[in-house]
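Subject: Structure handover

Hello,

Here is the structure I promised you. Please open it next to this email and follow along.

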Amino acid sequence: MLTARGKVPLVTRQMLVFFALLFSYPLWASAVGLYDYIGVEIAIWIIYALGYNLLLGYTGLPSFGHGAFLGIGAYAYGLSQLDLSGGVWIGLLLAVCAATAAAGLVACFLSHRRGIYFALMTIAFGQIFWFVAIKWHGVTGGEDGLLNVLRPELGLGVASISLKSNTTLYYFAAALLAVIVVILWRVLHSPFGAAIQAIRMNETRARFLGYRVWLIKWSVFTLSGAFAGLAGGLFCLTQESAYPDVMSLHASGFVVMMTLIGGGFVSFWGPVVGVIVFFLARDLLGSVTEAWLLWYGLLFMAVMLFEPEGVAGAWGRIAARLGSQKVAAPAAGKEAST
Amino acid sequence: MSLFTAEHLHKRFGDQVVLEDVSLAFESGAVSGIMGPNGAGKSTCFNVLTGLHRPDRGRVTFDGEDITGLAPDEIARRGVSRSFQIMTLFDEFTALENILVALPEVRRGLGRPFWQPRADAEAIEEAREVLAQVGLEGRAGTPAAALPYGERRALEIAVALAARPRIVFLDEPTQGLGTEGRARLSALIRELRHRYTLVIIEHDMGFLFGLADRISVIHWGQVIAEGTPGALRAKDRVRAAGPGRTP
Amino acid sequence: MDFISGLLPHILNGLALGLLFALIALGFTLIVSVMEVINLAHGSLFALGAYVALLVISPDLSALGPLGEAYAALPLGARYAIALVIAPLAVAVVGFGLEVCLRRTYGKKKEYGLLLTFGAALVIEEAIRLTWGPAEQVLPTPEAVTGAFLAGDMIYSKYRVFAAVFGLCAIGLVWLFLDKTPYGAIIKAGAHDSEMVRALGINLSRLQLLVFGFGAALAGIAGIILAPIWGLRPHVGVDAVIPAFLIIVLGGIGSFWGAVAGGLLVGLAVGITGAYATDWSILSMYLLLILVLSVRARGLFGKKTVLET
């Protein structure tokens with residue numbers, strides 16, 4: 001069940017728990033051996049993965065070139081700082097705009113495609129952007145990328161805050177993430193959210209019910225590109241650089257892995273879990289072996305083989321089993337399906 | 001003038017002619033039947049009428065307007081609704097959600113991020129009424145995939161009705177149903193005929209003869225007979241074309 | 001130097017590249033047609049083929065004593081020929097393993113199979129990096145196909161000619177196999193309708209296993225031939241798999257001649273643009289793809305298939 005049934009509040013109980021963990025993170029991070037910087041990375045990639053899951057989990061469109069939009073966001077932000085020195089907000093705005101525009105353009109070519117053709121076309125487009133990023137030295141700095149994108153002060157109207165410290169940066173990223181979670185939750189429970197899920201389950205029927213399927217697919221692709229752009233802007237802000245690596249096929253595949261390993265097909269929170277698993281695996285496995293990707297890849301294959309609905313799917317099943325044990329005695333039979 | 005007409009439709013796939021000079025007219029408020037053996041071109045005919053395929057030649061009109069070659073969603077938005085021979089439901093949605101997503105308000109509300117159709121009393125009320133029409137009022141909270149076959153068939157029709165259509169095309173609604181299911185469906189359509197304009201594809205003559213006001217018989221892509229069930233019964237040609245089953 | 005003859009070497013390069021691309025794409029399209037799986041590990045299998053060949057051609061056999069010395073004393077050509085047989089077989093075995101894993105995802109969401117192969121791609125690539133190290137390596141080639149020759153007033157690389165001829169022969173053999181043998185007929189039937197194959201009493205699982213292995217072996221062969229042209233890095237698979245994707249989409253999924261025509265088109269586009277703008281030559285294939293797909297939605301030879309649902 002991807003969206004809740006019945007009326008949902010603007011901020012749910014699960015969200016409150018998540019926000020509590022999110023904003024208290026710097027207080028307990030070091031106690032469990034973590035640090036603020038990985039928190040920033042995780043927050044950024046959660047924004048990216050949640051936006052991506054609009055496409056994959058909700059609409060059922062597997063894009064393998066989404067890294068392009070993250071990268072475009074990163075470059076747009078970086079260029080705005082280097083050439084315009086426009087400040088954080090303008091930079092992020094430009095990042096979102098650039099990624100949205102690119103995604104909107106790509107979506108024009110993709111929105112009438114399905115299945116394998118869709119997946120292969122997204123790979124092709126992703127590669128184009130990646131390739132241009134490497135070759136267009138004058139603008140992107142080639143393979144090295146844009147360097148020395150210094151973190152400016154964050155203007156908040158009355159005051160401005162330095163983002164030099166990773167802790168401040170973390171709170172900024174976390175605040176943006178919280179806003180994104182609320183926005184996405186709202187979108188998914190609106191008619192638009194119902195429509196994209198309807199398209200995933202049965203595109204033909206949706207079309208014959210009068211839905212402009214092409215336009216809806218275009219919108220959702222573009223929208224998820226916008227989220228990737230925001231994440232990209234934050235990425236550049238954090239890394240103080242933008243480079244083509246994040247646009248490669250592998251990097252694009254990572255967001256798909258994160259989304260699925262957490263259970264993006266069955267839960268709103270799947271991508272959140274998946275991103276955390278990925279970064280913890282990188283740090284934990286990475287501290288043991290150089291070839292952490294080998295082990296992470298094996299882990300991922302095992303998940304696809306034995307628990308393809310990911311962490312959320314396993315959790316759902318365990319919860320259902322525990323629940324059914326509690327009520328099993330009196331009401332056997334049909335109730336389980338409701 | 002007829003609510004929905006097809007004039008001289010031709011359609012071929014490759015070198016196979018599937019529709020040849022097919023003309024049909026469906027009256028407002030009536031139940032029309034399209035009959036013929038499997039592979040006679042009935043489904044293609046529906047697909048051309050509802051916009052899935054564009055006819056090679058000919059014209060389709062709805063309410064006096066030419067809708068030939070329009071996209072399926074465009075035709076649907078004008079008030080033409082259909083069900084499918086192969087079940088096309090939103091399987092992970094509950095029965096109620098299947099209906100909700102078919103409501104015109106929900107479709108028109110795509111730009112309203114703060115409206116929650118699943119919590120809107122009016123929308124839910126209407127959706128429940130639609131479910132009640134097909135006898136699924138007790139199944140509102142069941143995912144479509146978990147419904148038994150006969151109820152899925154009923155939901156398939158209900159989704160088409162939820163769009164508040166001015167004409168409903170039902171493509172082989174008895175597909176896969178047993179004698180009992182057929183009888184129940186027959187009773188259901190008898191109820192619905194007071195509220196909707198219906199066009200039904202069927203290869204079972206007995207089923208249509210008891211329901212339709214007018215029947216067109218299609219064979220080899222052509223309309224070979226037309227008339228009221230009574231008039232058709234008299235003709236021998238129907239017997240030659242139809243499988244001649246009786247319930 | 002006039003225009004056409006100046007272009008000829010680039011056309012030859014393009015042809016060689018295109019034929020090898022086509023070979024990769026053929027394996028890819030066979031797998032897609034029979035198993036309905038996009039094999040994202042295809043590029044890694046390509047790289048694996050080249051690395052195994054490297055191992056076979058110049059192995060460290062000091063532990064084997066005289067036997068090892070005897071092998072090392074064989075002429076390079078002989079060892080190369082042995083590698084051309086053993087390496088694809090090794091890749092096929094890895095393919096078998098992957099297919100056995102994939103089996104669990106059949107009948108579930110298509111994304112699961114796709115993602116499983118992506119995981120496999122990571123694993124194979126990392127395993128290569130771990131075994132052979134991250135540095136670029138050189139795959140030795142026999143004397144007979146090394147160096148250059150002069151024709152007219154242009155210099156041609158012998159190896160490119162060899163690669164083109166080899167690619168042509170390999171594609172021809174695949175065609176003969178698919179079109180003229182009963183096995184080929186079964187594979188084509190499996191691609192068309194797996195239920196029918198089962199109804200004919202053919203063991204579908206075994207067919208899928210063999211087709212996957214065969215497709216993987218084709219990637220492996222292409223890897224061996226392309227390695228001296230591209231150099232050998234653990235990451236080289238991506239350079240191979242991307243053109244293969246494009247070619248499949250360009251030619252139409254599931255079409256033999258589509259893959260061949262697509263491969264040649266892409267190879268020629270890359271080769272000829274290479275004459276004018278070396279840096280941007282790869283971009284030409286993307287532009288070609290977008291161009292073709294704007295005109296023909298399912299590629300040159302594509303038909304509407306179940307793969308789109």
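**A helix across a sheet**

Helix H1(B) lies across S1, S2 and S4 of chain B and runs at about 65° to S2(B). Some terms first. Helices (H or I, at least four residues) and strands (E, at least two) are DSSP runs, numbered from the N terminus. Axes are lines fitted to C-alpha atoms, for helices over the stretch in contact, and angles run from 0 to 180 degrees between N-to-C directions. Contact between two residues requires that their C-beta atoms, placed from the backbone, lie within 7 Å.

The model is predicted, so local features need pLDDT of at least 70, side-chain atom pairs count only at pLDDT 80 or more, and totals for chains, interfaces and linings use all residues. Residues are numbered from 1 along each chain as its sequence is written, while chains are lettered from A and ligands numbered from 1 in the order in which they are written.

**The four-strand sheet of chain B**

The sheet under discussion is open, with four strands in the order S2-S1-S4-S5 (chain B) and antiparallel pairing. Two strands pair if DSSP finds at least two bridges between them. S2 and strand S5 (65-66) of chain B are the edge strands, each pairing on one side only.

Now go through the pairs:

- Strand S1 (residues 4-13) and strand S2 (residues 16-26) of chain B are antiparallel, with seven bridges. Phe4(B) has Phe26(B) in S2(B) as its bridge partner.
- Thr61(B) stands opposite Asp66(B) in S5(B).

**The six-strand sheet of chain B**

Chain B has another open sheet, with six strands in the order S6-S7-S8-S3-S9-S10 and mixed pairing. At its edges are strand S6 (80-82) and strand S10 (222-227) of chain B, and each pairs on one side only. From one strand to the next, the twist averages 20°.

Look at two of its pairs. Strand S7 (residues 167-171) and strand S8 (residues 198-202) of chain B are parallel, with four bridges. Phe169(B) has Val199(B) in S8(B) as its bridge partner. S9(B) and S10(B) run antiparallel and share five bridges. Ile218(B) stands opposite Val223(B) in S10(B). S9(B) and S10(B) form a hairpin with two residues between the strands, where Trp220(B) takes a positive phi near 50°.

**Chain B as a whole**

Chain B has ten helices and ten strands. Its C-alpha atoms fill a box of roughly 55 × 40 × 35 Å, taken along the principal axes. Why look at the radius of gyration of chain B? A compact globule of 247 residues would have a value near 18 Å, and chain B has 18 Å, which agrees. The radius is taken over C-alpha atoms, and the globule rule is 2.2 Å times the number of residues to the power 0.38.

**Where the chains meet**

Which of the two touching pairs of chains has the most contacts? Chains A and C do. Their contact takes 30 residues from chain A and 38 residues from chain C. On the chain A side, H5(A) gives the most, with twelve residues. That side has 24 nonpolar, four polar and two charged residues. (Ala, Val, Leu, Ile, Met, Phe, Trp, Tyr, Cys and Pro count as nonpolar, Asp, Glu, Lys and Arg as charged, and the others, Gly among them, as polar.)

Chain A also touches chain B: 26 residues of chain A are in contact with 31 residues of chain B. H8(A) gives the largest share of the chain A side, six residues. By class, this side has twelve nonpolar, eight polar and six charged residues. Chains B and C do not touch, and their nearest C-alpha atoms are 13 Å apart.

Best wishes
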